[in-house]
Amino acid sequence: MKAVGFAAIAGLTLAAAGMAQAETGATLAAVKARGEMLCGVHPARHGFAAPDSRGEWSGFEVDFCRALAAAIFGDATKVRFVALSSQQRFPAIQSGEVDVLARNVTATLGRDTALGLNFAPPIFYTGTGFLVRAADGITKVEDLDGATICMAPGSTTERNVAQIFAARGLTYTPVVIENNKQLVDAYVTGRCDALTKDKAALPGVRAFDTENPADHILLPGIFSKEPLAMAVRQGDDQWYDLVKWVTYATFNAEEMGVSQANVDEMKSSQDLDIQTLLGVIGDNGTKLGVDNAWAYNVVKQVGNYKDIYMRHFGPDSPVALDRDYNQLWTEGGLLYGFPMQ
C-alpha cells in the first residue's frame, strides 16, 4: 500500500483544532463505507514501519494495522498507510484524518487526557536508548556530559533526555530535527555525539543507516518506560473496543497455541476458549460490529503476536531483537490478553 501525504499541522492544539469528538459507531461505519482503513504510521522506522521502493509497506506496526483491517473486512489489505512525522501524528488523529495511530506512540497520562486519545493495550515495551560511536570511548550515559545529542521534537524521548541528564547533573546540547532521515544523517555525519530514540529503533539505524555497524554501539540500559500502543480518538467506544480486542486476540492466540500456520486445524479444537476466539461459537464479532470470524481472519491473514514479532524482530530478521518484556505473561513478560468469553 502506498502512503498518502499529510499537510503539516504541527503545533495545533486541541482547542485550536476544535477536535471533533468521535461518536460511538461512527468510525467503524465510516471505515466500512470508505472500504478501507486509514492508519497513521512512522514514515521510516526499521522493523516497525517503512515502504519499499514500490511503496509497499511492511513492519511490526504495519501488521497491527493490517490485523485491524482483517477483523473489519476479512481482508488485511484494505488499509491505507499515512506517513506522519512526530509532530503531525496527534493532529492527524484528532482531526479524523486517520482512523487509528500505530506510529510508535507512547501511552502517557497527558496524551490520554489533554490530547483526547484512548490507548489500546501496549503492543511493544521499550525505553529511551542512546547510539554512539565506538571510537569516542563512550560506554555509559555519564560519559555523555557536555555532548550534543540528536533527537526528534514532540517526542517523549525529548523530555526523557532532559530528565536523565538533570538527575545526573549532566549537561548536553540538543540537536532537534523533525525529519527522520535528516535526524539520522545528522548523527551519521558527526553533527552530534549521540542519537537518542526508543532503544528498539536503534539497532535498525545501526544496521541500515551507518557505513560500518561495528563502529557504533548501544549504551547499556533502558532509561524510561515507553509502552507503545495504538491510539484512537475519544468518544467512539465501539471503535476503541475493536482496536483493543484485536490487540488482545493476538496475545490470546499465541497463549492458546493458535498460529497463522495452524489456525485452520485449530478451528476443530474442542477447547471452548479456542472455539470462542476463532468464532466457532459465540457472537463476539456481533458485539464488536464485525463478522464473528474476525479473530480467525486476524490470525489467518496476519498472525498471532509471536508470528508478527518474529517476522520483523526474530533472529532471522534484519532487525533482530530479544523479546524481553514483549513476552507473554506466562513467559515472564508483560503481554496479558483479557478473557474473551
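Biologist: In this predicted model, what is the pairing when the bonded cysteines of the protein are numbered in sequence order?

Modeller: The pairing is 1-2, 3-4, and the structure holds two disulfides.

Biologist: What makes Cys-39 and Cys-65 a disulfide?

Modeller: The two residues are joined S to S at 1.9 Å, and a pair of cysteine sulfur atoms counts as a disulfide within 2.5 Å, so the pair meets the cut-off. Cys-39 belongs to strand β1 (residues 37–41) and Cys-65 to helix α3 (residues 60–73), so the bond ties together parts that are 26 residues apart in sequence.

Biologist: Why are Cys-39 and Cys-65 called buried?

Modeller: Buried means under 20% relative accessible area; Cys-39 has a relative accessibility of 0% and therefore counts as buried, and Cys-65, with a relative accessible area of 0%, is buried as well.

Biologist: Why is the disulfide of Cys-150 and Cys-192 called left-handed?

Modeller: The torsion about the S-S bond of Cys-150 and Cys-192 is about -100°, and the disulfide is therefore left-handed. The sulfur atoms of Cys-150 and Cys-192 are 1.9 Å apart, and both residues are buried.

Biologist: Which parts does the pair of Cys-150 and Cys-192 tie together?

Modeller: Cys-150 lies in strand β9 (residues 147–151), whereas Cys-192 lies in the loop between α7 (180–188) and β11 (194–198), so the parts tied together are 42 residues apart in sequence.

Biologist: Turning to the helices, why are α2 and α9 called roughly perpendicular to each other?

Modeller: The axes of helix α2 (residues 26–34) and helix α9 (residues 237–256) cross at roughly 75° and come within 6 Å; angles of 65 to 115 degrees count as roughly perpendicular, and the two helices are therefore described in that way. Their contact is made by Thr-27, Leu-28 and Val-31 of α2 together with Gln-238, Trp-239 and Leu-242 of α9, and these residues divide into four nonpolar, two polar and no charged.

Biologist: Which residues have the most contacts inside the largest nonpolar core?

Modeller: Those residues are Met-37, Phe-60, Phe-124, Trp-239 and Trp-294, in a core of 63 residues. Trp-294 touches Ala-71, Trp-245, Val-246, Ala-249, Asn-284, Gly-285, Leu-288 and Met-340, if residues up to four places away in sequence are not counted.

Notes:
Residues numbered from 1 in each chain as written. Predicted model: local features only at pLDDT ≥ 70, side-chain atom pairs only at ≥ 80, totals over all residues. Heavy atoms only, no water. Axes fitted to C-alpha atoms, helices over the stretch in contact; angles between N-to-C directions. Helix = DSSP H or I, 4+ residues; strand = E, 2+ residues; numbered from the N terminus. Parallel < 35°, antiparallel > 145°, perpendicular 65-115°, else oblique. Contact = heavy atoms within 4.5 Å. Nonpolar A, V, L, I, M, F, W, Y, C, P; charged D, E, K, R; others polar. Core = buried A, V, L, I, M, F, W, Y, C linked by side-chain atoms within 4.5 Å. Buried < 20%, exposed > 50% of the residue type's maximum accessible area, 1.4 Å probe, protein only.
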